[in-house]
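Work through the exercises below with the structure open. Each task is followed by a solution in steps.

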Amino acid sequence: MSMFRVFISQLAEIDTMSTSKKVITREEWEKKLNDVKIRKEDMNKLVMNFLVTEGYVEAAERFKMESGTEHIDLATITDRMAVKKAVQCGNVEDAIEKVNDLNPEILDTNPQLFFHLQQQRLIELIRNGKVEEALEFAQEELAPRGEENQSFLEELERTVALLAFEDVSNCPVGELLDISQRLKTASEVNAAILTSQSHEKDPKLPSLLKMLIWAQNQLDEKAAYPRIKDLSTAILEDPAV
């Protein structure tokens with residue numbers, strides 16, 4: 001990103017100057033931005049990386065056609081999103097079947113992920129009031145794994161504790177029944193599938209935006225310059241002198 005490069009160059013330049021704040025005019029700032037050349041192909045890849053990682057299939061298809069970005073198997077996105085949606089809806093058994101259809105090695109080589117999926121199955125049984133089935137499932141499927149792994153055992157104990165409370169709002173582990181727990185498990189599965197497909201598990205764009213915010217905060221201490229207050233618009237605001 002040209003903006004980030006300009007921030008870094010300014011930080012390096014100002015560090016060699018006096019301790020007083022430097023004032024950078026809009027004209028100077030825009031000139032520095034224009035001097036940084038970013039290839040359109042690189043920007044397209046950045047956008048496509050975000051669309052693919054986050055699972056925006058239709059948008060990725062349109063963008064591929066419009067930008068001419070290198071071929072990407074969009075069918076894999078659809079399959080991955082089907083798994084993610086199944087977990088988000090509480091259909092964990094269906095999600096496990098879909099993962100195994102995609103690549104059986106994903107769960108075979110990732111015992112923590114498989115445990116968390118089984119834990120989510122237990123949570124869904126408890127959510128639906130299937131107490132006896134939940135206890136049987138915990139004993140047969142999760143307890144043996146807890147015996148082999150202390151952290152699994154602790155997570156299992158936390159989950160089973162939900163059964164001790166009629167009113168889960170008073171339960172210290174009641175957050176396990178929140179939708180956020182489903183989303184957490186779904187994100188873990190999504191990341192594992194991306195890794196198995198040789199994709200990055202996190203999109204690059206949010207990381208670059210975080211770096212941009214960090215760079216602005218660093219430069220704020222040393223200079224007054226046209227800064228971006230709203231990342232959604234990316235509008236430069238004149239420096240306050």
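**Exercise 1.** Is Asp220 buried, partly exposed or exposed, and which residue does the side chain of Asp220 meet in a salt bridge?

Solution. The model is predicted, and the values here are computed from it.
- Step 1. The relative accessible area of Asp220 is 24%. Buried would need a value under 20%, and exposed a value over 50%, so Asp220 is partly exposed.
- Step 2. The salt-bridge partner of Asp220 is Arg227, at 2.8 Å from N to O.

**Exercise 2.** Find the salt bridge between Arg26 and Asp238 and state which parts of the chain the pair ties together.

Solution. 
- Step 1. The N to O distance between the side chains of Arg26 and Asp238 is 2.7 Å. The rule asks for a nitrogen within 4 Å of a carboxyl oxygen, so the pair counts as a salt bridge.
- Step 2. Arg26 belongs to helix H2, residues 26-35, while Asp238 is in the segment after E4; the pair therefore ties together parts that are 212 residues apart in sequence.
- Step 3. Arg26 is partly exposed because its relative accessibility is 29%. Asp238 has a relative accessible area of 52%, so Asp238 is exposed.

**Exercise 3.** How many residues apart are Lys31 and Asp35, and in which helix do they lie?

Solution. 
- Step 1. Both residues lie in helix H2 and are 4 residues apart, which is about one turn of the helix.
- Step 2. Lys31 has a relative accessibility of 52%, so Lys31 counts as exposed.
- Step 3. By the same rule, the count of salt bridges comes to 12.

**Exercise 4.** How many aromatic pairs does the structure hold? Describe the pair of Trp29 and Tyr225.

Solution. 
- Step 1. The count is 3 aromatic pairs.
- Step 2. One of them joins Trp29 and Tyr225, with 5.2 Å from centre to centre and 40° between the planes, and this pair is tilted.
- Step 3. Trp29 is in helix H2 and Tyr225 is in the loop between strand E2 (223-224) and E3, so the pair ties together parts that are 196 residues apart in sequence.
- Step 4. Trp29 and Tyr225 are both buried.

**Exercise 5.** Why is the pair of Phe115 and Phe152 stacked?

Solution. 
- Step 1. The ring centres are 4.3 Å apart and the planes meet at 5°, so the pair is stacked. The cut-off for stacking is an angle under 30 degrees.
- Step 2. Phe115 lies in helix H8 (residues 111-127) and Phe152 in helix H10 (residues 150-160), so the pair ties together parts that are 37 residues apart in sequence.
- Step 3. Phe115 has a relative accessible area of 0%, so Phe115 is buried. Phe152 also counts as buried, because its relative accessibility is 7%.

**Exercise 6.** How many of the residues of H8 are buried, and which residues does Phe114 touch?

Solution. 
- Step 1. H8 has 17 residues and reaches 24 Å from its first C-alpha to its last, close to the expected 24 Å.
- Step 2. Of the 17 residues of H8, 13 are buried, so the helix is largely enclosed by the rest of the structure.
- Step 3. Phe114 is found in H8. Phe114 counts as buried because its relative accessibility is 18%.
- Step 4. Leaving out residues up to four places away in sequence, Phe114 touches Ile96, Leu107 and Arg145.
- Step 5. Just after H8, Gly129 has a positive phi of about 75°.
- Step 6. UniProt, in an unreviewed entry, places the feature "domain: CTLH" at residues 76-133. Over residues 76-133 the chain is 83% helix and 0% strand, and the end C-alpha atoms are 34 Å apart.

**Exercise 7.** Where do Ser198 and Ala234 lie, and what is the phi of Ser198 and of Ala234?

Solution. 
- Step 1. Ser198 is in the loop between helix H11 (179-196) and helix H12 (204-220). Its phi is near 65°, a positive value in a residue other than glycine.
- Step 2. Ser198 has a relative accessible area of 68%, so Ser198 is exposed.
- Step 3. Ala234 is in the loop between strand E3 (227-228) and strand E4 (236-237). Ala234 is not a glycine either, and its phi is positive at about 60°.
- Step 4. Ala234 is partly exposed, since its relative accessible area is 45%.

Note on methods
Residues numbered from 1 in each chain as written. Predicted model: local features only at pLDDT ≥ 70, side-chain atom pairs only at ≥ 80, totals over all residues. Heavy atoms only, no water. Helix = DSSP H or I, 4+ residues; strand = E, 2+ residues; numbered from the N terminus. Buried < 20%, exposed > 50% of the residue type's maximum accessible area, 1.4 Å probe, protein only. Phe/Tyr/Trp six-rings, centres within 6.5 Å; stacked < 30°, edge-to-face > 60°. UniProt positions renumbered as here; feature names shortened; annotations may be inferred. Expected span 1.5 Å × (residues − 1). Contact = heavy atoms within 4.5 Å.
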